[in-house]
Amino acid sequence: MTGGDGLQSLLVDGGKRLFGEVQISGSKNAVLPMLAATVLFKEPCCIQSVPNLTDVDAAVDILTYLGAKVERSGGSLCVDPRPIWRWDIPDELMNRMRGSVFFAGALMARMGKCRLTQPGGCPLGKRPVNFHIDGLMALGARADTLDDQIYSGHLVGTEIILPYPSVGATENLILAGVGAEGMTTIHNAAREPEICCLCDFLRAGGCRISGDGTRCIRVMGGLPDSSRMQVIPDRMEAATFACAVASAGGDILLRNVQPLHFAPVLSVLERAGCSVYYRNDQVRVQAEELVSPGRVVTAPYPGFPTDAQAPIMAALLRAKGTTIIDETVFSDRMNHIEGFRTMGAQVERIGNCAWIHGVQKLHGGTVTAQDLRGGAALTVAALAAQGKTTILGLRHILRGYEDFALKLRSLGADVQQA
Ligand code: EPU
C-alpha cells in the first residue's frame, strides 16, 4: 500500500510489548554539517558510522554536484574535495533538506562565493535563514544579485552575536570562520553535542577551534588538512526508542548511546514511572504503566530537545493524569496531535502548548506523518494502540531513522514497511 502522497507507509499492529536490544546509529544532525565541512579539507577525509538516510543521500548528491569524489561503503563515507569547482547549488538540491544550508558557509570559506536560497526540511513553522546570512555578511560576504541569492567576498574574522542560539547558524558560521582570515568569535552560540562533533572533526584536521559546548566559540581561520572521524550516536533516535518502550511497555537496552546527550528525555521518562539504568554507552529502559510527569518545556541544549517533543507526547498519551507540553523552539511543531486524536488520544492544543489527558486505551487508524519526528511519534503511539495503524508519509521518517521498521521488529513489534 502506498501513502496519499504516492509514497510508502508503515503498518503497525500495536499492543505488543518491546523486549531486547537495539543498536543506535550515527547521528543525522551531526553528520550533515560534517559532510558540508568536507568541502573545506585540503586532502581526502573519511567519516565513519554514517547512517543510511535519505538526508545523507541528499548531502552526497550536493557534494557530487559540486565536483567532489564521494565513496560510500557500509557506514564509511570518504570524500575527496580537491576536484570541487562549483559553488552554485541548484534549488532542487537545496530543497531536499535543511542541512543543505551548511554548504553556504563551507563554500564561502573555500571558494569565496556561494548561492544561498531557502533550504528544505521539515515544515515546523517559520524557519528563516537570516542569522546565517547576517553572520556571513558580518564576515565580509556581500549579495551580488538583487534577489539576495548569490554572495561573494573575502572573509575576515569578526565578533558575531547570534540573536538566538541557532544550531544551524552556529554550525554554518564555524564553517565560514575556518575560511576567514584571523579569529571569528560566535557569541550566544548553540551548545548541542552535534556542534562539538563538527568541531572535533575539524580539529582532527588541524583547525584551531575552542569553546564549542559553551556559549562562546572561537575559530581561528585556516583550512584543515585531512581527517577521519566517527559520528556520535544519534541522541534523537535513542530518545525515540526510549519513548517507544515507554509507550508500549517492556524492557529494552539501547546500545551505542551517550546517555548525557539525551538525559532530559530520560529524566522525564523516569518522572513518568519508567526505570532507567545507565552504564557507559548503554541505557536500559523498563516501562509499565505511566503517570504524568507534569510539565515538559522544550529549549535549546541542554534543555529538553524540541526533536523529542513529539515522541515524548506519544509516550505520554496513556499516562495517568494531565501532562502539559510547551514547544518554545519552533513556531508550529505540533502537527502530530491530529494523528494522536485519530488513535483515540485526548489532547487539547492552544498555540504551542498541549494538554494531554491520559486515556486508558488507544486504537489503530490511518494517520499521516507531516514531518520527521511527528512521523516517528505516530509510530510510537501506534505501538501502544489496539489494532492496526497505517502511517502514511513514510518518506519523512526515512529522512532521519535508519532501519526504523527493522529495529522495531527486532524488539518484538509488528511493524511492516509497505
Ligand atoms: N531561526 C531564525 N533564524 C535563523 C535560524 C533559526 O529565526 O536564521 C529560528 C528558527 O526558526 C527556530 C529557532 O531559531 O525557531 C531554532 O532553529 P535552529 O536554527 O536552532 O534549528 P535548525 O538549525 O534549523 C537544527 C536541527 C533540527 C532541530 C533544531 C533545534 C539539523 C539539520 N536540524 O535545525 O532537527 O530541531 O536544530 O535543535 O541539524 C530534526 O532532526 O527533526 C530537526 C528538525
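I started with Cys 243, which is buried at a relative accessible area of 0%. Buried here means under 20% relative accessible area, exposed over 50%, partly exposed in between (1.4 Å probe, protein chains only). Cys 243 is in no disulfide. The nearest cysteine sulfur belongs to Cys 274, 8.6 Å away.

I noted the ground rules next. This is a predicted model, where local features need pLDDT of at least 70, side-chain atom pairs count only at pLDDT 80 or more, and totals for chains, interfaces and linings use all residues. Residues are numbered from 1 along each chain as its sequence is written, and side-chain values use heavy atoms, with hydrogens and water left out.

How many disulfides are there? I get one, taking a disulfide as a pair of cysteine sulfur atoms within 2.5 Å. Cys 46 and Cys 78 form the bond, with their sulfur atoms 2.1 Å apart. I looked up its hand: the link is right-handed, with 105° about the S-S bond. The pair joins distant parts of the chain, 32 residues apart. Cys 46 sits in strand S3 (residues 45–48) and Cys 78 in strand S5 (residues 76–80). Strands (E, at least two residues) are DSSP runs, numbered from the N terminus.

Are the two partners buried or exposed? Cys 46 is buried at 9% relative accessibility. Cys 78 is partly exposed, at 23%.

I then checked Cys 197. It is in no disulfide, and the nearest cysteine sulfur, on Cys 196, is 8.7 Å away. Cys 197 is buried, at 2% relative accessibility.

Note on methods:
Helix = DSSP H or I, 4+ residues; strand = E, 2+ residues; numbered from the N terminus.
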